[in-house]
Amino acid sequence: MASNMILGSADWNLWPIGTDYEITFPEFKKAGISNLELGIYQPSTELSPENCTRISRLAEIHKIEITAALFSLTPDKWPHGAFSNTNSSFLRECAYFFESLQRMGVKYANIWTGADLPNANQKEVQYTLRELNELAKSYSGVVSIEYKADTVFPDGHTLANQLSGLSHIKVLVDTGHAFALEEDAVKLIQDLDSRNLLGALHLGDAMAGDSDADLPCGRVHDFSEILKTLTEIEFAGTANFDLYGAAVDELGPGPHNILNESVKHISKTMQEIS
């Protein structure tokens with residue numbers, strides 16, 4: 001079993017029932033989830049000292065561990081880009097993001113961009129990555145960027161190459177995104193680990209070509225080889241279910257059932273390979 005892995009869930013998987021932590025934290029606990037990754041859009045607002053204190057208090061009450069946070073860069077909030085726009089407030093928000101997580105004792109700081117497209121200015125992207133790397137040096141945890149099709153970080157190998165020479169930024173592998181791109185997730189994980197670039201994981205499933213599906217783990221693909229590989233490399237980072245696409249599907253079974261399906265599949269598979 002991948003005993004060192006910190007298995008948990010993204011909190012946005014239950015946003016369809018409510019976005020307040022007072023609603024979601026106890027629901028995750030009922031589902032057997034104790035480790036959570038927070039979805040954040042504006043760190044300077046959502047991770048203010050007052051909010052951080054409230055999050056920590058509610059986490060303690062409900063016996064939840066905040067193990068990670070994802071700073072999501074959506075096109076509506078960053079219409080002119082973030083990584084590709086050096087005039088934006090992106091780096092200032094990142095500094096706030098890291099400082100807030102440091103105070104809260106959160107060890108995994110993740111970033112995803114849907115605001116920077118494949119045709120983004122690469123010179124600005126590389127400049128921002130270098131500056132982000134400098135900011136990351138002051139954070140005691142792990143900073144990772146999540147790749148996704150149709151963004152400036154379109155796949156795992158491309159992102160790894162973009163991070164070449166940067167000491168403090170790693171790759172977040174979302175298995176659903178990998179399946180959608182028809183990547184060999186096992187080989188990718190092994191390659192990133194060999195280069196000390198594997199930072200964190202999101203767990204989900206997908207059919208080829210559907211990066212937004214976020215299906216429950218095991219719906220399409222068998223996760224046994226992935227979990228075996230994580231055990232072999234002694235992966236000790238966070239692995240959080242990211243099932244938002246399926247959770248908000250009005251024709252689906254609902255967010256609780258989607259989450260439970262994933263928990264059952266991963267738990268069963270981990271028992272089988274142990």
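Trainee: Why is Arg-54 called partly exposed?

Mentor: This is a predicted model, so every value is computed from it. Arg-54 has 25% relative accessibility. Buried means under 20%, and exposed means over 50%. The value for Arg-54 lies in between, so Arg-54 counts as partly exposed.

Trainee: What makes the pair of Arg-54 and Glu-22 a salt bridge?

Mentor: The closest N and O atoms are 3.2 Å apart. The cut-off is within 4 Å, so the pair qualifies. Side chains of opposite charge can pair when their charged atoms come close.

Trainee: How do you know that this pair links distant parts of the chain?

Mentor: Look at the places of the two residues. Arg-54 sits in helix α3, residues 49-61. Glu-22 sits in helix α1, residues 21-30.

Trainee: Which residues form a network with Arg-54?

Mentor: Asp-20 and Glu-22 do, linked with Arg-54 by salt bridges. Helix α3 gives the largest share of its lining, 3 residues.

Trainee: How many salt bridges are there in the whole structure?

Mentor: A search finds 9. One of them joins Glu-261 and Arg-219.

Trainee: What makes Glu-261 and Arg-219 a salt bridge?

Mentor: Their closest N and O atoms are 2.8 Å apart. That is within 4 Å, so the name applies. This pair also links distant parts of the chain. Glu-261 is in helix α11, and Arg-219 is in the loop between β7 and α9. They are 42 residues apart.

Trainee: Are Glu-261 and Arg-219 buried, exposed or partly exposed?

Mentor: Glu-261 has 29% relative accessibility. Arg-219 has 41%. Both values lie between 20% and 50%, so both residues are partly exposed.

Trainee: What about Asp-191 and Arg-195: why is that pair called a salt bridge?

Mentor: Use the cut-off again. Their closest N and O atoms are 3.4 Å apart, which is within 4 Å, so the pair is a salt bridge. Asp-191 is partly exposed at 23%. Arg-195 is partly exposed at 34%.

Trainee: Why is Thr-238 called buried?

Mentor: Its relative accessible area is 0%. Buried means under 20%, so Thr-238 is buried. Thr-238 lies in strand β8, residues 238-241.

Trainee: Which residues does Thr-238 touch?

Mentor: Leave out residues up to four places away in sequence. Then Thr-238 touches Ile-6, Thr-67, Ala-68, Tyr-108, Ala-200 and Leu-201.

Trainee: What makes the phi of Lys-63 worth a remark?

Mentor: Most residues other than glycine have a negative phi. Lys-63 is not a glycine, yet its phi is positive, near 55°. Lys-63 is found in the loop between α3 and β3. Its relative accessible area is 61%, over 50%, so Lys-63 is exposed.

Trainee: Why is Asn-196 called exposed?

Mentor: Asn-196 has 57% relative accessibility, which is over 50%, so it counts as exposed. Asn-196 has a positive phi too, about 55°. Its place is the loop between α8 and β7.

Trainee: Which residues lie closest to the centre of the largest pocket?

Mentor: That pocket holds about 370 Å³ of space. Of its 17 lining residues, the closest to the centre are Trp-12, Trp-112, Asp-214, Asp-242 and Tyr-244. By class, the lining has 6 nonpolar, 6 polar and 5 charged residues.

Methods
Residues numbered from 1 in each chain as written. Predicted model: local features only at pLDDT ≥ 70, side-chain atom pairs only at ≥ 80, totals over all residues. Heavy atoms only, no water. Salt bridge = Lys/Arg side-chain N within 4 Å of Asp/Glu carboxyl O. Helix = DSSP H or I, 4+ residues; strand = E, 2+ residues; numbered from the N terminus. Buried < 20%, exposed > 50% of the residue type's maximum accessible area, 1.4 Å probe, protein only. Contact = heavy atoms within 4.5 Å. 1 Å grid on protein atoms, 1.4 Å probe; cavity = no way out; pocket = protein on both sides within 12 Å on 5 of 7 lines; lining within 4 Å. Points joined across faces, edges and corners; volume = space filled by probe spheres on them. Nonpolar A, V, L, I, M, F, W, Y, C, P; charged D, E, K, R; others polar.
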